[in-house]
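This briefing presents a single protein chain to a reader who is new to structural description. Please keep the sequence and the structure in view while reading.

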Amino acid sequence: MTWLAAGEGYEITLDEGRVVARRAGGRQLKTLPKALRDHPEADRLRRLAEWLDRHAAACMAQVDTWMVSSLPVPTELIARVWPDEAWQSALRDMAVVGDDPDEVGFLRDATTDGELKVVNLDGETVRLSPRTVTLPHPVLLPDLDDVRDFAAELGITQRVEQIHRATWTRPEGGLPETATTPGTATAGSTEVRDYAGGKFASRFGLAARATALGYRVSGGYATCKVRDGGRGTEASVWIGEPYWEGESETGSLSWHDEDGRAVRLGEVGPVAWSEGMRMAAALYAGRTIEEGGDA
């Protein structure tokens, strides 16, 4: 940003979200002079900094939505938003897939004519110009461990958690049709209890944890929505009655379709399964851990 005149021979600007000052044409001062703290220009810059923070968060959230739902994103759109530093920060180094679903590359640049520059898994920089690309959920990436190793070699750092995102897959061979032990999840059942029973001092604390993790709290549930295989699915974990003031604990995890019907576990898609289990595990991780001989 340019330096703005702020009276009394001072100039101010934003530096990493903070209002800083200097004498006109001189060196930057270590602290903001008292005379400038309530100056209208300083207040305007603070409001701008707050807007920039909200904008950056919105860009991150949108890229996360594209990735979690593996939505096709127009290449032209990425090229148009790329000059914006907030968009570029959210998109840079995301794994993308073009026309060939087996060709994965890390996004490094976008040109004004709609081409994307990516580093493929052979370490070569190539140009892509498909009509759309996807930012695949990691559970859909073939040879995910190899992709992670290669990213480590390149020093890839992603602002939106993708390739190092925790993933869950259903047991190999799928879920059994009948349970061999009571409470075991089967292909025909509609809930998983792997992360049920996590105790919290209050329902408010459990709901606050869900919100802080970015999940929606609706009624007695923490929920997250994804699009998996072209259809909408919502995962939900029971967290207790909304106005309950006593201790609370995590309940079972289940999935519902766009019409609110329960989805059998054998029909839950891989992304919906992974994201639902990720939510349940993250909530459970904040539980009260008992200590002592009776724990």
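Two strands are said to pair if DSSP finds at least two bridges between them. The model discussed here is predicted.

**The open sheet**

- Five strands form an open sheet in the order β10-β16-β14-β13-β12, and their pairing is antiparallel.
- The edges of this sheet are β10 and β12 (216-218); each has a single partner strand, so one side of each is left without a neighbour in the sheet.

- Val192 is located in strand β10. Its relative accessibility is 4%, so Val192 counts as buried.
- Setting aside residues up to four places away in sequence, Val192 touches Ser252, Leu253, Trp255, Leu265, Trp273 and Met277.
- Val192 and Val81 are separated by 111 residues in sequence, and their C-alpha atoms lie 40 Å apart in space.
- Ser254 belongs to strand β16 (residues 253-257). Ser254 has 12% relative accessibility and therefore counts as buried, since the limit for a buried residue is under 20%.
- The contacts of Ser254, apart from neighbours within four places in sequence, are Thr190, Glu191, Glu234, Ala235 and Ser236.

**Nonpolar cores**

- The largest nonpolar core has 46 residues, of which Val63, Ile78, Leu91, Leu253, Trp255 and Met279 touch the most other members. Helix α7 gives the most to this core, with six residues.
- Ile78 is in contact with Val73, Leu91, Leu107, Ala110, Leu116 and Val133, when its neighbours within four places in sequence are left aside.
- Another core, of 12 residues, lies apart from the largest one; its members include Ala95, Val97, Leu141 and Ile156.

**Salt bridges**

- There are 12 salt bridges in the structure.
- One of them joins the side chains of Asp93 and Arg108, with an N to O distance of 2.5 Å. This pair links distant parts of the chain, 15 residues apart: Asp93 is in the loop between α4 (85-91) and β5 (95-97), and Arg108 is in strand β6 (residues 104-110).
- Are the two partners in this pair buried or partly exposed? Asp93 counts as buried because its relative accessibility is 8%, whereas Arg108 is partly exposed, with a relative accessible area of 30%.
- A salt bridge also connects Glu275 and Arg165, whose closest N and O atoms are 2.9 Å apart. These residues are 110 residues apart and again link distant parts of the chain: Glu275 is in helix α7 (residues 270-284), while Arg165 is in the loop between α5 (144-154) and β10 (191-192).
- Glu275 counts as buried at 4% relative accessibility, and Arg165 is buried with a relative accessible area of 4%.
- Glu275 and Arg165 are also part of a network of salt bridges that includes Asp64, Glu161 and Arg278.
- Asp259 and Arg261 form a salt bridge through their side chains, at 3.2 Å from N to O. Asp259 is exposed, with a relative accessible area of 59%.

**Positive phi values**

- Asp93, already described in a salt bridge, has a positive phi of about 70 degrees although it is not a glycine.
- Asp143 is likewise a residue other than glycine with a positive phi, here near 55 degrees. Asp143 is placed in the loop between β9 (132-134) and α5.

**A nonpolar surface patch**

- Leu48, Trp51 and Leu52 make up a nonpolar patch on the surface, and together they have about 260 Å² of accessible area.
- Trp51 is situated in helix α2 (residues 40-68). Its relative accessible area is 44%, so Trp51 is partly exposed.

Definitions and conventions. Residues are numbered from 1 along each chain as its sequence is written. This is a predicted model: local features need pLDDT of at least 70, side-chain atom pairs count only at pLDDT 80 or more; totals for chains, interfaces and linings use all residues. Side-chain values use heavy atoms; hydrogens and water are left out. Patches are made of residues with over 30% relative accessible area and no salt bridge: like charges are joined within 9 Å, nonpolar side chains (Val, Leu, Ile, Met, Phe, Trp, Tyr) within 5 Å. Accessible areas come from the Shrake-Rupley method with a 1.4 Å probe; for residues, only the protein chains shown count as cover. A salt bridge is a side-chain nitrogen of Lys or Arg within 4 Å of a carboxyl oxygen of Asp or Glu. Helices (H or I, at least four residues) and strands (E, at least two) are DSSP runs, numbered from the N terminus. Buried means under 20% relative accessible area, exposed over 50%, partly exposed in between (1.4 Å probe, protein chains only). Contact means heavy atoms within 4.5 Å. A nonpolar core is a set of buried Ala, Val, Leu, Ile, Met, Phe, Trp, Tyr and Cys residues joined through side-chain atoms within 4.5 Å.
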